[in-house]
Amino acid sequence: PLVADAIELARTRAVSRPYNAYADLYLAAIDAMLLADAGGESYRRELQSIAEMLVNLQRDDGLWAAPEFNPDGSGDCSLTQYCILGLWAARRAGCRIPAVVFDKTAVALIENVNPDGGWSYRMTGAGTVDASSHTMTLAAIGTIGICQRLLFVGSGNTAVDEKLRGILQFKKEETPKEHVGYPDYAARMDPARAEQCVQGGVAWVGARFDMPLKARFDMPLKKQSIQNLHFHYYFYSLERAAALAGMNGGWYETAGDGLLRNQGSNGAFDEPEKRYYGSAICTSFAILYFMRSTQQILDYGKGFQVGARDLVEFVNPRARSKRQVGPLDELLAAMEGQDFSDLNVDTEDVIDRIQFSSREELIGQAEMLKTLMKSPDPDNRQIAYWALSRTGDFDLIPLMLDG
């Protein structure tokens with residue numbers, strides 16, 4: 001009920017637009033992410049409305065800012081990150097968003113990189129305002145990464161395209177045109193310079209990778225910098241930047257082990273001074289990190305990426321055979337006496353056979369499937385559970401829970 005209420009609130013806000021200009025841009029972007037994940041194209045009208053508001057409030061320099069937090073007229077790196085996240089979500093749902101919106105943002109971030117390779121919270125375009133920080137550097141890396149993919153993946157005319165194809169396992173022929181990005185748009189952003197900035201930012205973070213962990217756990221609270229009050233936001237930004245930039249090297253386990261040290265006995269994550277977020281938000285940031293939320297979008301999300309995982313690979317990642325599967329009863333009888341790997345059948349055919357079998361047919365084979373649930377071969381057991389779940393027989397639930 002809480003989730004349903006939140007979705008309805010976001011939908012209502014999107015239609016009636018009660019966002020108060022810049023002050024609620026974060027809320028609008030988060031509403032877009034929620035609606036895109038909750039229903040995607042089912043909420044395309046609401047998402048288009050949010051996208052148009054975000055586009056209209058983008059500054060000429062490609063950034064977003066809240067005057068109350070940026071009285072000097074500087075751009076806001078954090079807010080810009082969220083607005084692009086909201087627009088990316090709307091784009092994945094098929095909304096119409098001009099390519100120049102993403103292009104201008106990427107160019108602005110490239111122009112505002114600090115000499116040390118990092119980014120600061122405030123950006124003027126004419127020079128740096130603040131020192132580079134962990135969270136803002138990660139925010140910029142992730143934002144440029146989104147723009148790279150929308151502007152260059154599948155365009156076929158840049159070196160970046162081939163690099164990103166490897167990360168995303170891109171399959172253009174299987175992707176609806178509206179989700180490919182902007183293959184006909186000539187971006188002003190220099191792809192080579194963009195990639196240089198991303199890798200420079202990765203190097204900046206890499207050179208200081210353990211600093212937030214040390215500051216959070218090894219220093220007295222009074223010595224913590226303002227940066228470390230955004231501790232959980234740092235992890236939320238790290239996961240996204242790492243996924244979009246193709247970072248490797250064990251960052252997930254190393255940083256994740258440090259984050260786990262901050263979990264309380266009640267399961268919650270919290271910041272000591274409760275200055276910004278509170279336990280609900282800190283815990284949400286932590287869960288988004290641990291579940292690899294951005295990586296899931298790249299692997300499974302409806303967009304211009306096509307992931308490599310499918311049910312067949314999940315059930316049996318071994319080499320596929322060629323023998324055609326016979327009737328369901330013959331298949332199950334063969335499975336009963338030997339390991340699935342010895343049957344010389346294609347697991348994709350097995351899944352198709354079960355998936356398209358009638359409920360009555362599966363119910364009729366329930367006893368055989370129960371026998372397979374005791375098989376020493378885990379692949380046999382996995383197929384048995386999956387087939388039994390399709391019978392819709394609630395009496396089988398205790399047996400499946402035991403398994």
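Author: The dialogue below goes from the whole chain to single side chains.

Author: This is a predicted model, in which local features need pLDDT of at least 70 and side-chain atom pairs count only at pLDDT 80 or more, whereas totals for chains, interfaces and linings use all residues. Residues are numbered from 1 along each chain as its sequence is written, and side-chain values use heavy atoms, with hydrogens and water left out.

Reader: How many helices and strands are there in the chain?

Author: Helices (H or I, at least four residues) and strands (E, at least two) are DSSP runs, numbered from the N terminus. Here the chain has 20 helices and two strands.

Reader: What share of the residues counts as buried?

Author: Buried means under 20% relative accessible area, exposed over 50%, and partly exposed in between, with a 1.4 Å probe and protein chains only. In this chain of 403 residues, 50% are buried. Accessible areas come from the Shrake-Rupley method with a 1.4 Å probe, and for residues only the protein chains shown count as cover. The chain exposes about 19,000 Å², of which carbon and sulfur atoms supply 53%.

Reader: What share of the contacts joins residues 24 or more positions apart?

Author: A contact means heavy atoms within 4.5 Å. Among the contacts in the chain with a separation of 6 or more, 69% are between residues 24 or more positions apart.

Reader: How many disulfides does the count give?

Author: A disulfide is a covalent bond between the sulfur atoms of two cysteines. The rule applied is a pair of cysteine sulfur atoms within 2.5 Å, and by this rule the count is zero. As for individual cysteines, Cys95 is buried at 1% relative accessibility, and Cys147 is buried at 0%.

Reader: How many salt bridges does the structure hold?

Author: Side chains of opposite charge can pair when their charged atoms come close. The rule asks for a side-chain nitrogen of Lys or Arg within 4 Å of a carboxyl oxygen of Asp or Glu. The structure holds seven such salt bridges. One of them joins Glu8 and Arg11, at 2.8 Å from N to O.

Reader: Where do Glu8 and Arg11 lie?

Author: Both belong to helix α1 (residues 2-16), three residues apart, which is about one turn of the helix. Glu8 is partly exposed at 39% relative accessibility, and Arg11 is partly exposed at 24%. A network of salt bridges links Glu8, Arg11 and Glu46.

Reader: Which residues is Arg11 in contact with, leaving aside its neighbours within four places in sequence?

Author: With those neighbours set aside, Arg11 is in contact with Leu35, Tyr43, Arg45 and Glu46. Arg11 and Tyr43 are 32 residues apart in sequence, while their C-alpha atoms are 7.7 Å apart in space.

Reader: Is Arg59, which meets Asp61 in a salt bridge, buried or partly exposed?

Author: Arg59 is buried, at 18% relative accessible area, whereas Asp61 is partly exposed at 33%. The N to O distance between their side chains is 2.7 Å.

Reader: What does the salt bridge between Arg122 and Asp72 tie together?

Author: The closest N and O atoms of Arg122 and Asp72 are 3.1 Å apart. Arg122 lies in strand β2 (residues 122-123) and Asp72 in the loop between α3 (44-56) and β1 (75-76), so the pair ties together parts that are 50 residues apart in sequence. Arg122 is partly exposed at 25% relative accessibility, and Asp72 is partly exposed at 44%.
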